[in-house]
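I opened this model to look up a few residues one by one. My notes are below.

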Amino acid sequence: MLDVRRLRLLCDLAQLGTIAAVARSHTYSPSAVSQQLAVLEREAGVPLLERTGRTVVLTPAGVVLVRHAEAVLAALEGASAALATVGGRLSGPLRIGAFPTAVRTLLPAALVTLGREHPGLELRVTELDPVAVPEALRERRLDVALVHDYDIMPVEPDQALDAVALLEETVYLAVPVDSPDLGGDPVGGARHAAWIVGSPGTACHAVATQVCRTAGFTPLVRHHADDFAAVLALVAAGQGVSLVPQLAAAQPPVGVRLVPLAARRRTRVTYRRGAATHPAVAACVAALHEATAAWTLA
């Protein structure tokens with residue numbers, strides 16, 4: 001009989017790429033992960049991993065097992081959801097992850113709704129960048145999360161997760177109010193400007209870099225800031241230009257002009273495969289849709 005915990009380690013290896021990364025995500029030692037995967041190979045009766053020096057890749061049998069293991073893990077999530085449905089009144093922790101602009105705009109109203117309609121839930125919010133969400137969900141540190149990507153730089157779906165669309169926003173180029181007209185190609189017109197972008201490794205940093213490269217240049221990055229309020233303050237102070245999504249641009253400070261771009265940011269609610277019917281997850285998704293509709297009409 002194949003052990004579910006070891007199957008999860010194999011799936012994480014397929015996603016994260018290295019035993020060291022799997023070990024970090026589970027707070028195990030690399031040797032402990034290797035030992036567990038070796039036991040899984042004995043249970044399976046076929047080689048699952050091919051080792052070349054320090055590199056480990058899945059064998060064809062390993063790829064097949066990962067595909068089936070993902071289905072098994074999703075079925076277990078579905079079983080937990082079904083049991084929670086039978087249980088009646090919602091209670092216990094609901095761990096929600098969200099990126100900063102969603103925490104400030106969409107999430108508070110959703111939390112009010114959840115607290116009013118399901119007072120037994122223990123709502124726990126973690127602010128984090130979308131790139132950190134898949135690992136947090138797989139490790140069960142989160143139950144549901146808000147993530148985003150951009151139509152010009154879509155994110156490949158994680159096979160262990162499901163998602164539902166929530167919001168599509170305009171993306172603006174924020175420039176100092178006294179900046180000259182940038183013409184029909186605002187990003188290209190800002191090729192000689194200083195740029196304010198997110199920290200390296202964040203989704204916002206990657207998107208800003210990609211937008212500029214698509215326009216034919218590498219941005220001159222002068223400042224790094226992950227909080228859009230700080231970004232807009234820097235723009236107002238004449239320190240550069242930046243990309244700002246609609247959620248963060250509702251009340252720009254004096255001294256900032258917002259130029260709409262063709263790019264769109266897309267927000268989704270994501271959770272582990274099989275968890276969509278869990279009553280707490282479903283209630284959270286419904287509350288987020290309600291909060292988003294209210295924000296759109298405001």
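The entries go residue by residue, with the ground rules at the start.

**Ground rules.** I am working with a predicted model, where local features need pLDDT of at least 70, side-chain atom pairs count only at pLDDT 80 or more, and totals for chains, interfaces and linings use all residues. Residues are numbered from 1 along each chain as its sequence is written, and side-chain values use heavy atoms, with hydrogens and water left out.

**Asp226.** I found Asp226 in the loop between β8 (220-224) and α10 (228-236). Helices (H or I, at least four residues) and strands (E, at least two) are DSSP runs, numbered from the N terminus. Asp226 counts as partly exposed because its relative accessibility is 42%. The cut-offs are under 20% relative accessible area for buried and over 50% for exposed, with partly exposed in between (1.4 Å probe, protein chains only). I then listed contacts (heavy atoms within 4.5 Å). Leaving out residues up to four places away in sequence, Asp226 touches Gly198, Ser199 and Thr202. The side chains of Asp226 and Ser199 make a polar contact at 2.6 Å. That term means a pair of N or O atoms within 3.5 Å; within protein, one must be able to donate a hydrogen and the other to accept it, and residues adjacent in sequence count only if both atoms are side-chain atoms. I also checked Val197: its C-alpha lies 7.5 Å from that of Asp226, at 29 residues apart in sequence.

**Trp195 and Phe217.** I looked for aromatic pairs, meaning rings of Phe, Tyr and Trp (its six-membered ring) with centres within 6.5 Å; planes under 30 degrees apart are stacked, over 60 edge-to-face, the rest tilted. The count comes to 1. Trp195 and Phe217 form a tilted pair, 6.3 Å centre to centre with 50° between the planes. The pair links distant parts of the chain, 22 residues apart: Trp195 sits in strand β7 (residues 194-197), Phe217 in the loop between α9 (203-214) and β8. Both Trp195 and Phe217 are buried.

**Thr59.** I placed Thr59 in the loop between β2 (55-58) and α4 (60-87). Thr59 counts as buried because its relative accessibility is 10%. Beyond residues up to four places away in sequence, Thr59 touches Pro47, Leu48, Leu49 and Glu50.

**Arg140.** I noted a phi near 65° for Arg140, a positive value in a residue other than glycine. Most residues other than glycine have a negative phi. Arg140 lies in the loop between α7 (133-138) and β5 (144-150). With a relative accessible area of 33%, Arg140 is partly exposed.
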